[in-house]
Amino acid sequence: MMRTYIVAAATAVAALLAIPAVSSAQTNVTVSTSVTNFCGIGLANVAGGNVAVANGARQKVTTLRMSCNAATGAKLTSSAANGDFKSPGGVLINYDWDLSVPEIPSLGFAAVDTWPGSPAIITNSGGYSQKLADGIYGDLFLNLCYNVPGGPGVGGTQGDPTNPGSSGCAASPSGPGAASAPAGTYTETFTFSLDPA
């Protein structure tokens, strides 16, 4: 009698172990991240914002490092404070300026004359670019007018003849060229800002 009871108990335990699971458990983990909208610009090759340049030739003044990850791309605003190089006494020297941005040429601009009160130059990257998000470089060039305004030829014949630039040097009414300006220090301040387009 005892033996029969034990066999029955073992059979009951086996039956319990054979019951199928109701369902397998599943766990989902959804992970998200966000990227902050960022536009930045800085000087890439100088320790500070004061640079000295020569007269009479197109020359690189500085290199800008620009980066922006805005989905709409970036807008660059380039401003010249005086529109001409200016002495403390108010004498002006005219110049052309241009910005070369090989990776995204639409952010740069061709040689153009400035004058007192001239508007800022606004350029656009044309939408999101992985290159711009990683960081690209732009070179600022100046071509100072060398001879007096109204001289022969277009701008570069008064500055660097291999880079004619605009006609502003030859036609400028704002002041003498660098060759005939009174001795002294002449300054100009350029401001660049990079913002989402």
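A: Start with a definition. On a 1 Å grid over the protein atoms alone, a cavity is a set of points where a 1.4 Å probe fits but cannot get out; a pocket is an open set with protein on both sides within 12 Å along at least five of seven lines, and its lining residues have an atom within 4 Å of a point. Points are joined across faces, edges and corners, and the volume is the space filled by probe spheres set on them.

Q: What kind of model is this, and how are its residues numbered?
A: It is a predicted model: local features need pLDDT of at least 70 and side-chain atom pairs need 80 or more, while totals for chains, interfaces and linings use all residues. Residues are numbered from 1 along each chain as its sequence is written, and side-chain values use heavy atoms, without hydrogens or water.

Q: How much space lies in the largest pocket?
A: About 620 Å³. The lining has 28 residues, and Val 51, Val 61, Phe 85, Glu 188 and Phe 190 are the closest to the pocket's centre.

Q: Which elements give two or more residues to that lining?
A: Elements are DSSP runs, numbered from the N terminus: helices (H or I, at least four residues) and strands (E, at least two). Here the contributors are strand 1, strand 2, strand 9 (136–144) and strand 10 (190–196).

Q: How do the lining residues divide by type?
A: Ala, Val, Leu, Ile, Met, Phe, Trp, Tyr, Cys and Pro count as nonpolar; Asp, Glu, Lys and Arg as charged; the others, Gly among them, as polar. This lining holds 18 nonpolar residues, nine polar and one charged.

Q: How many helices and strands has the chain?
A: Four helices and 10 strands. From the N terminus, read them as α-β-β-β-β-β-β-β-β-α-β-α-α-β.

Q: In what order do the strands of the open sheet stand?
A: In general, strands of a sheet pair through backbone hydrogen bonds, parallel or antiparallel. Two strands pair if DSSP finds at least two bridges between them. Here five strands stand in the order 1-2-9-6-7, with antiparallel pairing. Strand 1 (39–43) and strand 7 (109–113) are at the edges; each has a single partner, so one side of each lacks a neighbour in the sheet.

Q: How many bridges join strand 2 to strand 1, and how many to strand 9?
A: Five bridges link strand 2 (residues 58–68) to strand 1. Look for Cys 39 opposite Cys 68, and for Leu 43 with its bridge partner Leu 64. Eight bridges link strand 2 to strand 9. There, Lys 60 stands opposite Phe 141.

Q: Why is strand 2 called largely enclosed?
A: Buried means under 20% relative accessible area, exposed over 50%, and partly exposed in between (1.4 Å probe, protein chains only). Eight of strand 2's 11 residues are buried, so the rest of the structure largely encloses this strand. Over the chain of 197 residues, 36% count as buried.

Q: Is Ile 136 buried or exposed?
A: Ile 136 counts as buried, at 2% relative accessibility. Find Ile 136 in strand 9.

Q: Which residues does Ile 136 touch?
A: Contact means heavy atoms within 4.5 Å. Not counting residues up to four places away in sequence, Ile 136 touches Leu 64, Arg 65, Met 66, Val 101, Glu 103, Ile 104, Leu 107 and Lys 131.

Q: Where is Thr 77 found?
A: In strand 3 (residues 74–80). Thr 77 is buried, at 17% relative accessible area. Beyond neighbours within four places in sequence, its contacts are Ala 120, Ile 121, Ile 122, Thr 191, Phe 192 and Ser 193.
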